[in-house]
Amino acid sequence: MNDLATLARLLENLIRFGTIADVQMKPPRVQVLTGNLITAWLPWWNARAGEDREWDPPTIGEQVVLFSPSGKLANGVAFTGLFSDLIEANGDREGLHRRTYRDGAVIEYDSIAKHLRATLPGTAEVTAVGNVSITTQAALSATATGNIAIKSAANILIEAIGNVAIKGAKVELN
């Protein structure tokens, strides 16, 4: 191959668009379909990968930009997060940060409305080594279609400026 053709190929390979063809979890790598080529296993860009890190593997079909230093695809890195006609945006307004998961869970914060929402199709859990505190300047409510249990290895204090009401078909105090 002549030098001009080699240079043209290397320049063409510096930045390419593609889609995720396959995902490997250990070590974290992807293969990218770009044009009619499938790359070798390449790392994907992640928001954090140091002492603080994030795990968010891409999915097959996700659109990426492939950056290949020196124009060599084998040295490429897949930058994920491009919406496409096949995978549309999951939001449509300023101030909204929304994360949508494949099982239907949605966690979002609207900084304009100042509203946090989590919609979960499964269970939720909060575990802390230290204290957990919930503070609001307005009403606090909890609703369940099943039982509600409050357990403590120490004392339980219910303190109110106003009335305290306990309603039920049967109320037991021990």
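Five bridges join strand 6 (residues 96–100) to strand 7, and the two strands run antiparallel; strands here are DSSP runs of type E of at least two residues, and helices are runs of H or I of at least four residues, each numbered from the N terminus, while two strands are taken to pair if DSSP finds at least two bridges between them. The model is a predicted one, in which local features need pLDDT of at least 70 and side-chain atom pairs count only at pLDDT 80 or more, whereas totals for chains, interfaces and linings use all residues. Residues are numbered from 1 along each chain as its sequence is written, and side-chain values use heavy atoms, with hydrogens and water left out.

Strand 7 (residues 106–110) presents a covered face made of Val106, Glu108 and Asp110, and an uncovered face made of Ile107 and Tyr109. Strand 7 is also joined by five bridges to strand 8 (residues 115–119), again in an antiparallel arrangement, and in strand 8 Thr119 is the bridge partner of Val106.

Strand 7 and strand 8 likewise form a hairpin, with four residues between them. Lys114, in the loop between these two strands, has a positive phi near 55° although the residue is not a glycine, and its relative accessible area of 64% makes it exposed (exposed means over 50% relative accessible area, buried under 20%, and partly exposed in between, with a 1.4 Å probe and protein chains only). Most residues other than glycine have a negative phi, and most peptide bonds are trans. A cis peptide bond, with omega about -15°, joins Lys26 and Pro27, and Pro27 lies in the loop between strand 1 (15–24) and strand 2 (29–34).

The loop between strand 3 (37–38) and strand 4 (63–67) contains Asn46, which is buried, with a relative accessible area of 19%. Beyond residues up to four places away in sequence, Asn46 touches Glu54, Trp55 and Asp56, where contact means heavy atoms within 4.5 Å. The C-alpha atoms of Asn46 and Pro58, which are 12 residues apart along the chain, are separated by 9.5 Å.

Glu62 lies in the loop between strand 3 and strand 4 as well. With neighbours within four places in sequence left aside, Glu62 is in contact with Gly18, Thr19, Ile20, Thr80, Gly81 and Ile87, and its side chain reaches the backbone nitrogen of Gly81 at 3.3 Å.

Over the chain as a whole, one helix and eight strands are found, and they follow the pattern α-β-β-β-β-β-β-β-β along the sequence. The C-alpha trace spans about 90 × 35 × 25 Å along its principal axes, and buried residues make up 17% of the 174 residues. Of the contacts in the chain with a separation of 6 or more, 35% are accounted for by residues 24 or more positions apart.

How values were computed:
A polar contact is a pair of N or O atoms within 3.5 Å; within protein, one must be able to donate a hydrogen and the other to accept it, and residues adjacent in sequence count only if both atoms are side-chain atoms.
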